[in-house]
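Open your viewer and get ready to click along. We will go from stop to stop, selecting a few residues each time.

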Amino acid sequence: MHVSEKQQHIPVLVAGAGLAGLAGGLFLAWHGVPALVVERHRGMSPHPRARGINPRAMELMRSVGLEEEIRATGSARALAGNTGVLAAQSLAGRQLGALHEQYFMDVRTDLGAWSPTGWCLCHQDEFEPVIRRRAEELGTRFAYFTELESFEQTADGVTARLRDRETGAVRTVTADYLVAADGPASPVRQALGIGVEGPGTTGHFLNIHFEADLAEELGERRFIMCYTFNDAVRGALMPLDNARRWLLHVTFDPSAEDAAAYDEERCQELVRAAAGVPDLDVKVLGSIPWEAAGRTATAFSSGRVFLVGDAAHVMPPSGAFGSNTGVQDVHNLAWKLAAVLGGQAGPGLLDSYDAERRPVCAATVEQAVLRSKDRPRLAHQEPAPANPAIHPDTEVWFGWQYRSSAVVPGPGDTPADGVWNADPRGLPGTRAPHVEFVRDGRPVSSLDLFGRAPVLLAGAGAEPWARAAGSTARRAGVGLEVVRVGSTVADPAGAWAPAYGVGDEGAVLVRPDGVVAWRSPAGHPDPEAVLDGLLTALLAR
């Protein structure tokens, strides 16, 4: 169903069309939910900004069929061979160090044991159009240069006033739910009276987008980032095409001067200092000031309004968790909104969004802050050990654990302390493990089985669970797919049972977002009764 601009009611209104808002429109449409995304700016930003799509976010893009298109973008192809984080006096100067820490998983790390996909270095100005096109194909509508002027919510819905910034015309729409993806300042969050907590500002920076011929200084190196430490500039150089296009992050103090003081000439001098080439011919394409900070909203929802992306959390870019975490927010929320709007779940399911995402996001913010504090060690000849509180990248990507009403642990499912779990092995509340199956003669990841509906994975000896799932789902009127290991898919390595912590007669229920909701290591005398109670609890019916 397409949302016409003339319609006055839409199921979900999304405020903000940054990465989180765009991904929200995509995932909602993927689940068949009509949505309208409004954005106060005229269009998508031409500035490259973020460019690292981490493996978990790539898994989510893969689930909606976008992995290959993203990897085919110009920046992804140009940077496919780049690796490593360096520190140097300048690009042409002496190298001071490189990031070699156990917690750091470089983009070239083999992640085959964890995931069917991996990193993609795609600039945000190329990533966003891919998401938008797919969302529009699926039915999401976008209204740019349109501002959410105000909103009111009742027990039945949200009434929003939208102002066309070109004409000044105001129209009123109603929605069942409002998703706020309106950035770090988030007028929606402020209107709700929701505060933030965390360490706060960690630094102020200016992104300088420029063109220059640095082929000689770059040489054969193909790095992701090079931190520069010298008397004239402290910053970070990032190649955008390993040729002429670059980004330079530089620190500045907004209490001492305004970003406007960084005119073209000053930006050129900073670039020359970072490059180590005093007479470099530099063309400045643009500059954007930004704040590095660690903050998490004290609530991710209020009534029928949900906060996602930077509206819910901000974090330093170290680790490339920020925008990727926002993509995971909307992926978690979209299937729940679809289930409630489609009548398959009760409204109580939506309470699990805050319960699940807020602790994980707060812990991710902490990890990003710790990494940002660790980076200056790169400039030292013999750096001290890294902070032991830093968890490995693979844990932050794949090792979180949810605790909510949408997770039903069994008697033996003892969760780890806190959010992170280094070896989840199919525990309820964790991301379903990646296992290589074979379907129709071709290899397929277990993660490729999840996406639109809950899936019951049943072992070769779990026929009672499979039969009960079909009858229970029909009786409850919910969509539930059954995948039999050994018939629907083959498991040539015998890997699925130990990966998911079950036996041959066991079964695992995986949510549409690829999270394990429940598992039974073995059979049960009355599987229908178990699954009846499980669906009732999981879907808040």
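Start by selecting Leu148. Leaving aside residues up to four places away in sequence, Leu148 touches Leu13, Ala15, Ala160, Arg161, Leu162, Leu178 and Val188; a contact here means heavy atoms within 4.5 Å.

Before the next click, a word on what you are viewing. This is a predicted model, in which local features need pLDDT of at least 70 and side-chain atom pairs count only at pLDDT 80 or more, while totals for chains, interfaces and linings use all residues. Residues are numbered from 1 along each chain as its sequence is written, and side-chain values use heavy atoms, with hydrogens and water left out.

Buried means under 20% relative accessible area, exposed over 50%, and partly exposed in between (1.4 Å probe, protein chains only).

**Strand β23 and its partners**

Next, select residues 507-510, strand β23. Ala507 and Leu509 on one side, and Val508 and Val510 on the other, are all buried, so both faces are covered. Strands pair if DSSP finds at least two bridges between them. β23 pairs with β21 (residues 455-458) in the antiparallel sense over four bridges, and here Ala458 stands opposite Ala507. β23 also pairs with β24 (residues 516-520), again antiparallel and over four bridges; look for Leu509 opposite Trp518. Five residues lie between the strands of the β23 and β24 hairpin, where Gly514 takes a positive phi near 75°.

**Ser301**

Jump to Ser301, in strand β16 (residues 301-302). Is Ser301 buried or partly exposed? It is partly exposed, with a relative accessible area of 23%. Beyond four places in sequence, Ser301 touches Ile194, Phe306 and Asp354.

**Confidence**

Finally, colour by pLDDT, the predictor's confidence in each residue, from 0 to 100. The protein's mean is 93, and 98% of its residues reach 70 or more. Over residues 1-6, pLDDT stays under 50.

Terms used:
Helix = DSSP H or I, 4+ residues; strand = E, 2+ residues; numbered from the N terminus.
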